[in-house]
Each structure stands twice: as structure tokens, then as C-alpha cells.
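Please look over the sequence and the model below.

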Amino acid sequence: MKKITAMKNIFLFALALVFSATLFAQEEEFETSSRFGKSDRLMIDVYSDIWLGAPDSASIRGYCPGASVSMMQDFALGSSNFSLAVGLGIGTHNLHSESFIMKDANTDYMVFEAYPNPDDIKMNKLVLSYIDLPIELRFRTKRQNVFRFAIGGKFGYNINNHTKYIDDYVKVKSFGVDYINPLRYGVTARIGYKMYNFYVFYGMSELFEANKGTEMAPLSFGISFIPF
């Protein structure tokens, strides 16, 4: 039931984002920064994570993909090239490793235990999904082919977390990892030209609740697509 509810919430939120994007695209009269070539309403980020602070026992694999989608409302700051944007989004992170996450029975602390035969693993990951509230301070040129730089942050709430393991013999998915921090926050930056931008997210909150696991957080590098 928990799995069905989480997936339903994600689907409904994604549907709401698409519907909102359509409304924004059709109602240009409500655009608050029309002097810019774009008002940067839809943000699609694709990235890979480096997990800072992860213990060696985690044996994290090199590529840990993630993605986020946000709808933003832009507010021009006077007649300058600067604006402030706030919005709503959804984001995911995938921690691929050669270890499994478990609670130590003696210390009540989340630890990483290595699999005895890591070469047999086809997939082993921790999946995290968040509802986010992003905010950005933006600089953009006043022309159709926009050059932009933005710095900001986002605050999120964990709506789903699960592990997934696959090898030649078994396929196991488990929901509700113990002591995952329900709140996350961090800083973001993007710079680019037209609809293609370089994106960075630096997580400042820990993966696990305080004193319940290794102090680790994601550092994300990727690309932002801004269609309108």
C-alpha cells in the first residue's frame, strides 16, 4: 500500500506540472519578466551524484544518476537584468553501490555491509524521491537567445525511499529504509546559453537522521534544459 500511494503521489504531481506548464505557455499576459527572452518557467535537470562523506564500506559505483523537474514563477527586480524565482518541483537521487544498507543491532546505527560477490550484482541502489521548493536569484540578458546565471537553493521533503537489488537469481525491492532524513536542503547554481545549462546541486543536509548513520550528502553535476 505504501508503494502504491507513493507512486500515485509522484504521478499526480508530474501530471500537475505538465498541466501547469501548458497554462503558463498559453497565458503570456501573466508573465512578470516579459522583457527577458525567456522567463525560465520549466526546469529539467539531469545529473550524476558524488556522495560526499560516504564510508569506504559503501563501495559506491561511479555513476549515480538523478533528475529533477521544477515549475518556477519569475519576478523581475526593477528594470535590472536580475529576477527572483520561486517554484515547486520533484527530484530523485540514486545511490548505486556494492553494499547493502542495514541497521546495526547493537548501536541502532545505519551501516553499509559489502556483498561477498560484488561481480554478481546487476543492480543495487538506494532510490530517494523528494518534493522540492526551489528558489533562485537570476541574471539574464535581455534578448531572445538568453545567457543566464542563477544561484539559489531548494528545500525538500522525502516522499519515497527504497532499495532495489538484482542478480542472476533474485530481484528484491524494499521500501522505507530506516532513519532516512525526511528533510533535505542545499544550494544550486546554473549557467548557460539558450535552453542548455550546466547545473550543480550541493546537498547540505545529511542522508540519515542525526546520529543514525554516516554523515553523507550528494554533490550533483549535470545539465539543465529550459524549454520556456
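Y179 sits in the loop between β8 (171-175) and β9. Strands are DSSP runs of E with at least two residues, and helices are runs of H or I with at least four, numbered from the N terminus. This is a predicted model: local features need pLDDT of at least 70, side-chain atom pairs count only at pLDDT 80 or more, and totals for chains, interfaces and linings use all residues. Residues are numbered from 1 along each chain as its sequence is written, and side-chain values use heavy atoms, with hydrogens and water left out.

**Positive phi**

Most residues other than glycine have a negative phi. Y179 is not a glycine, yet its phi is positive, about 65°. N211 also has a positive phi of about 65° without being a glycine. The loop that holds N211 runs between β10 (196-203) and β11 (217-225).

Accessibility is set out below; buried means under 20% relative accessible area, exposed over 50%, and partly exposed in between (1.4 Å probe, protein chains only).

| Residue | Relative accessibility | Class |
|---|---|---|
| Y179 | 21% | partly exposed |
| N211 | 69% | exposed |
| R184 | 5% | buried |

**R184**

R184 belongs to strand β9 (residues 183-193). R184 counts as buried because its relative accessibility is 5%. Its side chain makes a polar contact with the side chain of D132, at 2.9 Å. A polar contact pairs N or O atoms within 3.5 Å; within protein, one must be able to donate a hydrogen and the other to accept it, and residues adjacent in sequence count only if both atoms are side-chain atoms. Beyond four places in sequence, the contacts of R184 (heavy atoms within 4.5 Å) include H93, Y130, K154, F155 and F201.

**Largest pocket**

Which residues lie nearest the centre of the largest pocket? They are F100, I101, T163, S174 and V177, out of 21 lining residues. A pocket is an open set of points on a 1 Å grid over the protein atoms alone, where a 1.4 Å probe fits, with protein on both sides within 12 Å along at least five of seven lines; lining residues have an atom within 4 Å of a point. β4 gives the largest share of the lining, 4 residues.

**Confidence**

The protein chain averages a pLDDT (the predictor's confidence in each residue, from 0 to 100) of 86, and 83% of the residues score at least 70. Residues 1-8 stay under 50. Where pLDDT is low, the predicted coordinates should not be read in detail.
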